[in-house]
Amino acid sequence: FAMHRFNAYEHTGGNQSFCCAILDENGRGMLLSSLYSRERSNVFAKPIQDFTCEFDLTKEEKMVLEKAIASMR
């Protein structure tokens with residue numbers, strides 16, 4: 001498991017957006033991302049197989065996936 005909080009948009013403050021990686025020892029799991037703005041929040045889930053994702057990842061998602069993988073070593 002790894003998590004990262006950040007500001008997804010200017011002028012929102014508080015680091016209310018986040019992404020987290022949840023993996024098992026075989027590299028299966030998911031990335032869960034939430035993008036917060038004053039008007040709404042969006043939540044995205046992306047599957048992970050063999051420590052990789054078939055979908056494009058944001059820089060925050062890449063970072064948190066690498067952090068989760070590193071914590072397993």
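**Legends to close-up views**

**View A. Arg38 is exposed, its relative accessible area being 62%.** By the cut-offs used here, buried means under 20% relative accessible area, exposed over 50% and partly exposed in between (1.4 Å probe, protein chains only). The model is predicted, so local features need pLDDT of at least 70 and side-chain atom pairs count only at pLDDT 80 or more, while totals for chains, interfaces and linings use all residues. Residues are numbered from 1 along each chain as its sequence is written, and side-chain values use heavy atoms, with hydrogens and water left out. Arg38 sits in the loop between β3 (29–36) and β4 (41–48); helices (H or I, at least four residues) and strands (E, at least two) are DSSP runs, numbered from the N terminus. Apart from neighbours within four places in sequence, Arg38 has His11 and Thr12 as contacts, where contact means heavy atoms within 4.5 Å. Asp50 is 12 residues from Arg38 along the chain, and 36 Å separates their C-alpha atoms.

**View B. Asp50 and Phe51 each have a positive phi without being glycine.** Most residues other than glycine have a negative phi. For Asp50 the angle is about 50°, and for Phe51 it is about 65°. Asp50 belongs to the loop between β4 and α1, and Phe51 is also placed in the loop between β4 and α1. Asp50 counts as exposed because its relative accessible area is 60%. Phe51, at 29% relative accessibility, is partly exposed.

**View C. The largest nonpolar core has 12 residues.** Its members are Ala2, Phe6, Cys19, Ala21, Leu23, Leu31, Ile48, Cys53, Val64, Leu65, Ala68 and Ile69. A nonpolar core is a set of buried Ala, Val, Leu, Ile, Met, Phe, Trp, Tyr and Cys residues joined through side-chain atoms within 4.5 Å. Two or more residues of this core come from each of β1 (2–6), β2 (17–23) and α1 (59–71). The most come from α1, which gives four residues. Ala68 is one of the core residues; with residues up to four places away in sequence not counted, Ala68 touches Phe1, Ala2, Ala21 and Leu23.

View D. Cys19 is in no disulfide, and the nearest cysteine sulfur, 7.5 Å away, is that of Cys20. A disulfide is a pair of cysteine sulfur atoms within 2.5 Å. For Cys20, the closest cysteine sulfur is in Cys19, and the 7.5 Å between them is too far for a bond. Cys19 is buried, at a relative accessible area of 1%. Cys20 is buried as well, at 7%.

**View E. Ser34 is a buried residue of strand β3.** The relative accessible area of Ser34 is 8%. Leaving out residues up to four places away in sequence, Ser34 touches Ser17, Phe18, Asn42 and Val43.

**View F. The whole structure contains two salt bridges.** Side chains of opposite charge can pair when their charged atoms come close. A salt bridge is a side-chain nitrogen of Lys or Arg within 4 Å of a carboxyl oxygen of Asp or Glu. Glu61 and Lys46 are both buried. Another salt bridge joins the side chains of Arg28 and Asp24, with 3.3 Å from N to O. Arg28 counts as partly exposed at 43% relative accessibility, and Asp24 counts as partly exposed at 22%.

**View G. Phe1, Met3, Ile22 and Met30 form a nonpolar patch on the surface.** Together these residues have about 380 Å² of accessible area, computed by the Shrake-Rupley method with a 1.4 Å probe; for residues, only the protein chains shown count as cover. Patches are made of residues with over 30% relative accessible area and no salt bridge, with like charges joined within 9 Å and nonpolar side chains (Val, Leu, Ile, Met, Phe, Trp, Tyr) within 5 Å. Ile22 lies in strand β2 and, at 39% relative accessibility, is partly exposed.
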